[in-house]
Amino acid sequence: MAENTGSAPGAQRFIPPGADTIDELRAASGGCQGCELYRDATQTVFGRGDESARVVLVGEQPGDMEDQKGLPFVGPAGRLLRKAVDDAGLDPSQIYLTNAVKHFRFELRGKRRIHQTPDRVHITACRPWLVAEFARLDPEIVVVLGATAAKALLGPTFRVTKQRGELLPWPASAQHPEDFTQVPVDSAGRVADAPEARLLATIHPSAVLRADDQDKAYEGLVADLTVAARALPAGRRPE
Ligand code: SF4
């Protein structure tokens, strides 16, 4: 499939200004037509997890199984990620999982739906959902999984291969930190400066599944996630 270099209206106009919670955002995302990906996919796959999660993991886009079930990280890559999270010592109940792009992009080959990497136009169109999610979350660690998530949060010049496993300041390391510097403090819509957090980039779990040496790639993923686990303070950050 050729790169879509055109423009898309973007998700912003589908985000209700009064949506205070992740559940409200998720409900609204079901009607998003911010780019053309909604046409062929089964449904929007929004993030899941507790709003108070200490760790937010951001992947690329839903895969075939996620598209059918409407849930992120429930396919083979998701299973591998859950095992890596366990092996790294991260508490799964403290994790919020989401994707940079909320619809499955694929190419039909016969009856098979083959994953296609989202283009810049899709990442840009979908970014308002990611920004809206972060405005309702309060993570201590953000983990970006793979190049697409890194582009969405950190900009096109960030190289996961060069900077994986490094703890960076969040939101200061974001491409537009101003998009992520405010968090809500109450249901009346009042906001405050987001507390300082950290960001770490690593490979996407699907890259482990595609690697020639899967054991080595898996060890690398776990090593990076272990850096994130160790960077979490022993207790929840004070409010
Ligand atoms: S990929 Fe994102 S912007 Fe495009 S239609 Fe889906 S939710 Fe909207």
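Among the elements that cover the buried residues of helix 1 are strand 2 (95-99) and helix 5 (120-136), where helices (H or I, at least four residues) and strands (E, at least two) are DSSP runs numbered from the N terminus. The model is predicted, and local features need pLDDT of at least 70, side-chain atom pairs count only at pLDDT 80 or more, and totals for chains, interfaces and linings use all residues. Residues are numbered from 1 along each chain as its sequence is written, and side-chain values use heavy atoms, with hydrogens and water left out.

**Overall form**

- The protein has nine helices and nine strands, and its radius of gyration is 17 Å, close to the 18 Å that the globule rule gives for 239 residues, so it is as compact as a globular protein of that length; the radius is taken over C-alpha atoms, and the rule is 2.2 Å times the number of residues to the power 0.38.
- The C-alpha trace spans about 55 × 45 × 30 Å along the principal axes of the protein.
- Of the 239 residues, 51% count as buried, a word that stands for under 20% relative accessible area, while exposed stands for over 50% and partly exposed for what lies in between (1.4 Å probe, protein chains only).
- Residues 24 or more positions apart account for 75% of the contacts with a separation of 6 or more, a contact being heavy atoms within 4.5 Å.

**Helix 1**

- Helix 1 covers residues 22-29, and I22, L25, A28 and S29 are buried in it.
- Seen down the axis of helix 1, these buried residues fall within an arc of 125°, so they line one face of the helix; the arc is that of the directions from the helix axis to the C-beta atoms.
- D23 and A27, on the other side of helix 1, are exposed.

**Backbone features in two loops**

- Most residues other than glycine have a negative phi, and most peptide bonds are trans.
- F73, which is not a glycine, has a positive phi near 55°, and this residue is found in the loop between helix 3 (64-69) and helix 4 (76-88).
- With a relative accessible area of 4%, F73 is buried.
- The peptide bond from W170 to P171 is cis, with omega near 10°, and P171 has its place in the loop between strand 6 (168-170) and strand 7 (182-184).

- L145 belongs to strand 5 (residues 141-145) and counts as buried at 1% relative accessibility.
- Leaving aside neighbours within four places in sequence, L145 is in contact with several residues, including F73, L81, T202 and P205.
- L145 and P205 are 60 residues apart in sequence, and their C-alpha atoms are 7.4 Å apart in space.
- I95 lies in strand 2 and is buried, with 9% relative accessibility.
- Not counting residues up to four places away in sequence, I95 touches a set of residues that includes R48, D50, V55 and V85.
- The C-alpha atoms of I95 and V142 are separated by 9.8 Å, although these residues are 47 residues apart along the chain.
- Q68 is in helix 3, and, residues up to four places away in sequence not being counted, Q68 touches Q43 and R113.
- Between the C-alpha atoms of Q68 and R13, which are 55 residues apart along the chain, the separation is 25 Å.
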